[in-house]
Amino acid sequence: MKKIAILLFLCIIFTSCGEDKDISIIGGADGPTAITTGERKMYINITPDEAKHIMDSGEEYVLLDVREQNEYDEGHIPGAILIPYTEIEEKAESMIPDKNKQILVYCRSGRRSKIASEALLKLGYTDIKEFGGIIDWKYEIEK
């Protein structure tokens, strides 16, 4: 019920600004996970379990760790590439040239992965799924 009230509030806000805007609500099993307007796309928040499901499904994806090199060296999810969140603007386009590729983003706790996901959106990437931090990852980690 609370999610519906929040969505209603957001729809009122988006539609009351005087301009016609397309509003899309992307839903999941537990309710909406992202809202997009015709002007701005947003990344999708998923759980670590949903990220693991994508990784195991055979779908194509890029797994992006946005922590620092020393954190990555201490342990990372197998197959992850490292681009520290402070270097997204400089390195993403050369390391992930396909802007329509599904990108799964994580950091240590979820703060930097959200910042990195926003930066990827600004660069034109279209399929970004942010799943928080490695501290919540209960699956394999490699060093």
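Trainee: How many salt bridges does the structure hold?

Mentor: The predicted model holds 9 salt bridges, and one of them joins the side chains of Lys99 and Glu93, with 2.5 Å from N to O.

Trainee: Which residue forms a salt bridge with Lys114?

Mentor: That partner is Glu130, and the closest N and O atoms of the pair are 3.2 Å apart. The pair links distant parts of the chain, with Glu130 lying in strand β7 (residues 127-133) and Lys114 in helix α5 (residues 111-122), 16 residues apart.

Trainee: What about the burial of those two?

Mentor: Glu130 has a relative accessible area of 2%, which is under the 20% cut-off, so this residue is buried. Lys114, by contrast, counts as partly exposed at 33% relative accessibility.

Trainee: Which residue forms a salt bridge with Asp127?

Mentor: Asp127 forms one with Lys129, where the closest N and O atoms are 2.7 Å apart. Asp127 is partly exposed, with a relative accessible area of 23%, while Lys129 counts as buried at 13% relative accessibility.

Trainee: Switching to the sheet, what is the order of its strands?

Mentor: The sheet is open and is formed by 5 strands in the order β3-β7-β6-β4-β5, with parallel pairing. Its edge strands are β3 (44-45) and β5 (81-82), each of which pairs on one side only.

Trainee: How many bridges are there between β3 and β7?

Mentor: They pair in the parallel sense over 2 bridges, and Glu130 comes up again here, as the bridge partner in β7 of Asn45.

Trainee: Back to α5, what does it pack against?

Mentor: The buried residues of α5 pack against β4 (62-65), α3 (69-74), α4 (88-95), β6 (102-107) and β7. Those buried residues are Arg112, Ser113, Ala116, Ser117, Ala119, Leu120 and Leu121.

Trainee: What span should its 12 residues have?

Mentor: At 1.5 Å a residue, the 12 residues of α5 should span 16 Å, and the end C-alpha atoms are 17 Å apart, which agrees with that expectation.

Trainee: Last one: which residue with a positive phi follows α5?

Mentor: That is Gly124, whose phi is near 100 degrees.

Terms used
Residues are numbered from 1 along each chain as its sequence is written. This is a predicted model: local features need pLDDT of at least 70, side-chain atom pairs count only at pLDDT 80 or more; totals for chains, interfaces and linings use all residues. Side-chain values use heavy atoms; hydrogens and water are left out. A salt bridge is a side-chain nitrogen of Lys or Arg within 4 Å of a carboxyl oxygen of Asp or Glu. Helices (H or I, at least four residues) and strands (E, at least two) are DSSP runs, numbered from the N terminus. Buried means under 20% relative accessible area, exposed over 50%, partly exposed in between (1.4 Å probe, protein chains only). Two strands pair if DSSP finds at least two bridges between them. The expected span of a helix is 1.5 Å times one less than its number of residues. Contact means heavy atoms within 4.5 Å.
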